[in-house]
Amino acid sequence: MRAGTLHYPITIQEPVAIKDGYGANSIDWRDVISTRSNVTYNSGNRQNQNNEIVHSYTVTFTVRYYHKVNENMRILWDGKKYRILSINPELYKQSTTIVTELINE
């Protein structure tokens, strides 16, 4: 893996279940990994759903292989949150390619 291509800082978060005082469960997000990655935009789309315009983007992040990432996590980059769709380890490059989509909130 060429370290010079890892330009962008990202934060990878994992969900944590929290029980409040009334016994209701909720999900909070905890920072697990802060690292640098290569970012590639794959596609973008503008849709009209329920009379609301929704922008969807597919973005690929490439990180070092030793980071333990799973599909339940999410990525924070450039003030936006991305849902992980697939994780593709590339042993010969010592990298992991993570395909994500923008979470519209």
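Predicted model: local features only at pLDDT ≥ 70, side-chain atom pairs only at ≥ 80, totals over all residues.
## Basis

Local features need pLDDT of at least 70 and side-chain atom pairs count only at pLDDT 80 or more, while totals for chains, interfaces and linings use all residues. Residues are numbered from 1 along each chain as its sequence is written, and side-chain values use heavy atoms, without hydrogens and water.

## The barrel

Six strands close into a barrel. Their order is β1-β2-β3-β6-β5-β4, and the pairing is antiparallel. Neighbouring strands of this sheet are turned by 45° against each other on average, direction ignored. Strands here are DSSP runs (E, at least two residues), numbered from the N terminus. Two strands pair if DSSP finds at least two bridges between them. The angles are taken between lines fitted to C-alpha atoms, on a scale from 0 to 180 degrees between N-to-C directions.

## Two hairpins

β1 and β2 pair over twelve bridges, in the antiparallel sense. P15 stands opposite W29 in β2. Five residues separate the two strands in their hairpin. In that turn, G23 has a positive phi of about 95°.

β2 (residues 25–49) and β3 (residues 52–64) also run antiparallel, joined by eleven bridges. R46 has H55 in β3 as its bridge partner. T40 is partnered by T60 in β3. This hairpin has two residues between its strands, and N50 takes a positive phi near 55°.

## The core

The largest nonpolar core has 16 residues. Such a core is a set of buried Ala, Val, Leu, Ile, Met, Phe, Trp, Tyr and Cys residues joined through side-chain atoms within 4.5 Å. F61, V69 and I75 touch the most other members. The elements giving two or more residues to this core are β1, β2, β3, β4 (74–77), β5 (80–90) and β6.

Beyond its neighbours within four places in sequence, I75 is in contact (heavy atoms within 4.5 Å) with residues including I10, I12, F61, Y82, I84 and I98.

T97 sits in strand β6 (residues 95–102). T97 is buried (under 20% relative accessible area), at 12%. Its side chain makes a polar contact of 2.8 Å with that of E90. A polar contact is a pair of N or O atoms within 3.5 Å; within protein, one must be able to donate a hydrogen and the other to accept it, and residues adjacent in sequence count only if both atoms are side-chain atoms.

H7 lies in the segment before β1 (8–19). Leaving aside neighbours within four places in sequence, H7 is in contact with R36 and S37.

Definitions and conventions:
Helix = DSSP H or I, 4+ residues; strand = E, 2+ residues; numbered from the N terminus. Buried < 20%, exposed > 50% of the residue type's maximum accessible area, 1.4 Å probe, protein only.
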